[in-house]
Amino acid sequence: MWLQILLLAGVVKIESNIQLPPGRTYRWGPTHNGAARMDRAHAIVSSETLTITAQPVNGQPPAGHGGKQIAIKYLSGAVHGKKQLTVTPGGGFDFVGSFRATTTKGTWPAFWLTAVKGWPPEIDLAEWKGSGKISFNTFNASNQVASKNIDFPRPESFHDIKTELRDKNGKDVEVKFHMDGQLVATQVGRGYVGQAFWLIVNLQMEGSSGAPGPSKNTTYAMKNLHVISYNK
Ligand SMILES: *[C@@H]1O[C@H](CO)[C@@H](O)[C@H](O)[C@H]1NC(C)=O
Ligand SMILES: *[C@@H]1O[C@H](CO)[C@@H](O)[C@H](O)[C@H]1NC(C)=O
């Protein structure tokens, strides 16, 4: 229904079972690098739209990340693909979806790919770090990151995101980021061919988006997600 894999006859191989199961947490568990603990009930699918709500809470145990404790101040939601995604030699993917995202300080919605093994690779297909902007990033290393930050107009409306990943030279993956039909950035991930990713949609809070976050519920919505495979 709401998440389908588009099959372009002859060009694209279908990737079955790629659906994001609603209401799950991260692949690795309910917490990560911010002030939200992910909870099934905070990611809801209705009218073909995934809506994630971050709700302020008290009395939650802290998260642990990178050897530090992070206070948990919200329950929120994350969903991830059931299937790992790997750009094979000569292949690639398109990630297409429509997003209504908050840009308020302390809110950190994201649509991203992260390595199954180790880190990087990471490609932020779109993330919003509480600054009024949308960010598109590809990591070669923690200190070698291609980043493009542009104004995100009308956050109350849905915006179309499309990201094309393609094998560039047998080793690296070229990433073309589009918003509302315009190419906004082209980046290259070193050695990304053959590396498996998880696809994640989540509403993290605080962390890279600053603090304090909102004292009221915050929502993030996604519809029309398609993942198209060009792998041979
Ligand atoms: C990442 O590596 C690729 C391939 O070597 C290179 O083209 C790209 O410029 C690098 N990105 C950054 C931010 O240095
Ligand atoms: C905040 O979100 C939670 C979880 O979706 C919901 O149960 C609660 O009613 C919401 N509160 C308000 C004031 O909307």
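Which residue stands opposite Ala 43 in strand 4? Select Ala 43 and look across: the residue facing it in strand 4 is Ile 52.

Before going on, note the conventions. Residues are numbered from 1 along each chain as its sequence is written, and chains are lettered from A and ligands numbered from 1 in the order in which they are written. This is a predicted model, in which local features need pLDDT of at least 70, side-chain atom pairs count only at pLDDT 80 or more, and totals for chains, interfaces and linings use all residues.

**Whole chain**

Show the protein as a cartoon. It has 0 helices and 19 strands; helices (H or I, at least four residues) and strands (E, at least two) are DSSP runs, numbered from the N terminus. Of the 232 residues, 38% are buried. A residue is buried if 20 or more other C-beta atoms lie within 10 Å of its own, exposed if 12 or fewer, and partly exposed in between, with C-beta atoms placed from the backbone.

**Strand 4 and its partners**

Select residues 49-56, which are strand 4. Two strands pair if DSSP finds at least two bridges between them. Strand 3 (residues 43-46) runs antiparallel to strand 4, joined by 4 bridges. Their hairpin has 2 residues between the strands, and Ser 47 takes a positive phi near 50°. Strand 19 (residues 218-229) is also antiparallel to strand 4, over 6 bridges, and there Tyr 220 stands opposite Ile 52. Strand 7 (residues 74-76) is joined to strand 4 by 2 antiparallel bridges; Leu 75 is opposite Gln 55.

Now select ligand 2. Gln 55 is one of the residues around it, together with His 42, Thr 53 and Asn 217; a residue is near a molecule if its C-beta atom, placed from the backbone, lies within 6 Å of it. This shell has 4 polar, no nonpolar and no charged residues. Here Ala, Val, Leu, Ile, Met, Phe, Trp, Tyr, Cys and Pro count as nonpolar, Asp, Glu, Lys and Arg as charged, and the others, Gly among them, as polar.

**Strand 16**

Select residues 173-179. On one side, strand 15 (residues 159-167) pairs with strand 16 in the antiparallel sense over 7 bridges, with Arg 166 opposite Glu 174. The hairpin of these two strands has 5 residues between them, and Gly 170 in the turn has a positive phi of about 90°. Strand 17 (residues 182-189) is likewise antiparallel to strand 16 over 7 bridges, and Gln 187 stands opposite Val 175.

**Ligand 1**

Select ligand 1. Its surroundings are Asn 140, Gln 144, Val 145, Ala 146, Asp 172, Val 188 and Arg 190. By class these are 3 nonpolar, 2 polar and 2 charged. Strand 14 (residues 144-151) gives the most to this shell, with 3 residues.

**Core**

Select Ala 36, Phe 93, Phe 111, Leu 125 and Ala 126, which have the most contacts inside the largest nonpolar core, of 46 residues. Such a core is a set of buried Ala, Val, Leu, Ile, Met, Phe, Trp, Tyr and Cys residues joined through C-beta atoms within 7 Å. Strand 18 (residues 196-205) supplies the largest share, 6 residues.

**Last stop**

Select Gly 64, in strand 5 (residues 63-65). Gly 64 counts as exposed because it has 10 C-beta neighbours inside 10 Å.
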